[in-house]
Amino acid sequence: MNAPAALTHLVPEVQQREVPPALIAALKQRFGERCSTALAVREQHGRDESSFEVPPPAAVVFAESTQDVTDAVRLASQHDTPVIPFGVGSSLEGHLLAVQGGISIDVARMNKVLAVNPEDLLVTVQPGVTRKQLNEEIRGTGLFFPIDPGADASIGGMAATRASGTNAVRYGTMRENVLALEVVTASGEIIRTGTRARKSSAGYDLTRLFVGSEGTLGVITEVTLRIYPVPEAISAAICSFPSIEAAVRTVIQTIQLGVPIARVELIDVNTVRMVNTYAKLNLREEPLLLMEFHGSPAGVQEQAEAVQGIASEHGGNSFEWATTPEERTRLWTARHNAYFAAIQSRPGCRAISTDTCVPISRLADCLLDSVAEADASGIPYFLVGHVGDGNFHFGYLLDPNQPQERVVAEDLNQKLVARALRLGGTCTGEHGVGLHKMGFLVEEAGGGAVEAMRTIKRALDPKNIMNPGKIFSV
Ligand SMILES: Cc1cc2nc3c(=O)[nH]c(=O)nc-3n(C[C@H](O)[C@H](O)[C@H](O)COP(=O)(O)OP(=O)(O)OC[C@H]3O[C@@H](n4cnc5c(N)ncnc54)[C@H](O)[C@@H]3O)c2cc1C
């Protein structure tokens with residue numbers, strides 16, 4: 001998609017560094033067929049779900065162990081060549097694009113669950129384990145891992161993007177649930193951060209530094225995570241509302257009253273129609289809240305009654321319950337697939353997604369003004385939100401042959417982010433900065449804070465080889 005003049009500030013600065021043939025030769029010698037220079041493999045590792053297009057990395061190394069990662073990073077460092085860690089490629093903001101060239105290190109084959117410690121409610125995994133695979137493997141323990149981005153993302157990628165999902169309102173994000181890491185640094189050294197203890201105040205919190213670093217400070221090769229007992233009772237319900245405002249005001253009151261709701265997701269009318277078509281569902285075509293309650297049977301009933309009461313105060317209809325596990329799974333799969341349902345609703349389109357997050361009391365102000373603007377723009381869009389956290393996503397569905405649509409969508413995005421920052425929020429609640437939000441980070445954090453981030457980057461990656469050109473320019 002060629003960007004019109006109004007978008008030049010959003011076109012990624014592509015300055016691909018020459019990858020020395022000596023490095024490719026050394027990688028092939030070390031990894032054999034696990035180092036691929038095939039164009040299809042490179043192209044697959046040179047894009048993500050964003051709408052940016054950049055030439056692919058020069059080679060892809062399929063790592064199977066921490067030692068593989070160490071050797072690949074060391075060789076790249078010797079040749080001053082960028083390294084881009086690759087999980088499953090579901091990120092949305094241009095995180096994986098080889099804007100400065102280099103090699104991709106795919107960790108999908110590092111997919112072992114290394115240790116399950118039910119007595120400590122902990123699990124240690126390799127980075128290529130996906131969230132669904134993890135839950136499959138611990139199914140028999142009566143425990144589960146709650147962080148659920150819509151895509152079946154890798155745990156390494158989720159840690160690197162500080163991901164969250166529909167359960168974050170109750171169980172937190174990757175920030176709260178990663179206790180310890182093993183990381184290969186930019187010099188190829190292996191370090192460990194954190195411990196298996198629930199808390200620690202020993203030195204700088206390097207775990208929190210690497211969680212959310214988007215592959216720019218090191219390659220995560222092991223992750224120790226919190227897991228939780230599967231609740232005694234789980235109930236899911238759908239409630240439709242006369243307006244988005246009524247739904248959002250219900251959420252604000254529910255959170256302010258401290259109801260420990262497990263999931264509360266907003267879907268607007270446009271998106272309900274898209275999901276009904278895509279997932280062959282028959283959801284009521286009104287603004288909906290999809291909710292889930294966890295706890296003891298009495299606790300779940302108490303929570304549900306409290307929220308039902310609040311919802312009816314705001315004109316919400318009576319709850320439609322998804323009682324069986326199959327019904328619940330169908331409901332949440334539909335929610336997780338909203339993005340794909342939307343993409344399919346306008347064949348050939350590319351989506352630009354937003355990810356602002358605001359303090360709960362400001363959710364209605366931010367969301368309603370942004371809906372009005374999106375409606376006035378005439379650009380097709382979907383709207384879903386982890387509204388219990390004050391986080392929501394517009395997905396502007398753009399025709400790649402209509403560059404003007406991109407201008408309008410980026411303008412909507414800028415207005416939305418400016419509004420969220422004014423209201424004390426952030427430009428990204430869970431997707432990360434990547435390429436697409438680099439400008440917003442400066443507005444949000446300010447020059448001083450971004451300079452502090454640069455100082456950390458330069459200290460830990462003096463050659464600037466770890467996923468360079470992302471988050472902020474160095
Ligand atoms: C349909 C859909 C729905 C989504 N819903 C959500 C959602 O609800 N919540 C949410 O938070 N996100 C969501 N996402 C975004 C995405 O799934 C997350 O950002 C996810 O965490 C990315 O994981 P990944 O394995 O795909 O990582 P990748 O896309 O492969 O990589 C993402 C970034 O992490 C780095 N990285 C990957 N692995 C490592 C590693 N081992 N060490 C160091 N750096 C690494 C990469 O270099 C890159 O910068 C969604 C995406 C899609 C397509």
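Is C239 buried or exposed?

## Basis of the description

This is a predicted model, in which local features need pLDDT of at least 70 and side-chain atom pairs count only at pLDDT 80 or more, while totals for chains, interfaces and linings use all residues. Residues are numbered from 1 along each chain as its sequence is written, and side-chain values use heavy atoms, with hydrogens and water left out.

## C239 and strand β12

C239 is buried, with a relative accessible area of 0% (buried means under 20% relative accessible area, exposed over 50% and partly exposed in between, with a 1.4 Å probe and protein chains only). This residue is found in strand β12, where strands are DSSP runs of E with at least two residues and helices are runs of H or I with at least four, numbered from the N terminus. Not counting residues up to four places away in sequence, C239 touches P287, L288, L289, M291, A311, G316, N317 and F319, contact meaning heavy atoms within 4.5 Å. C239 and L290 are 51 residues apart in sequence, yet their C-alpha atoms are 6.7 Å apart in space.

Strand β12 (residues 233–240) pairs with strand β14 (residues 288–295) in the antiparallel sense over eight bridges, two strands being paired if DSSP finds at least two bridges between them. Within this pair, A237 stands opposite M291 in β14.

## The seven-stranded sheet

Both strands belong to an open sheet of seven strands with antiparallel pairing, in the order β15-β12-β14-β13-β17-β18-β16. β15 (320–322) and β16 (350–353) stand at the edges with a single partner strand each, so one side of each is left without a neighbour in the sheet. From one strand to the next, the twist averages 20°.

## Helices α14 and α15

Helix α15 lies across β16 and β18 (391–398), running at about 170° to β18; axes are lines fitted to C-alpha atoms, for helices over the stretch in contact, and angles run from 0 to 180 degrees between N-to-C directions. The axes of α14 (residues 363–377) and α15 (residues 403–422) come within 10 Å and cross at roughly 165°. That makes α14 roughly antiparallel to α15, since angles over 145 degrees count as roughly antiparallel, under 35 as roughly parallel, 65 to 115 as roughly perpendicular and the rest as oblique.

In this contact, D365, C366, D369, S370, E373, A374 and S377 of α14 meet V408, L412, K415, L416, R419 and A420 of α15.

## The β8–β9 hairpin

β8 (residues 178–185) and β9 (residues 190–194) pair in the antiparallel sense over five bridges, and V184 stands opposite I190 in β9. The two strands form a hairpin with four residues between them, and G188 in the turn has a positive phi of about 90°.
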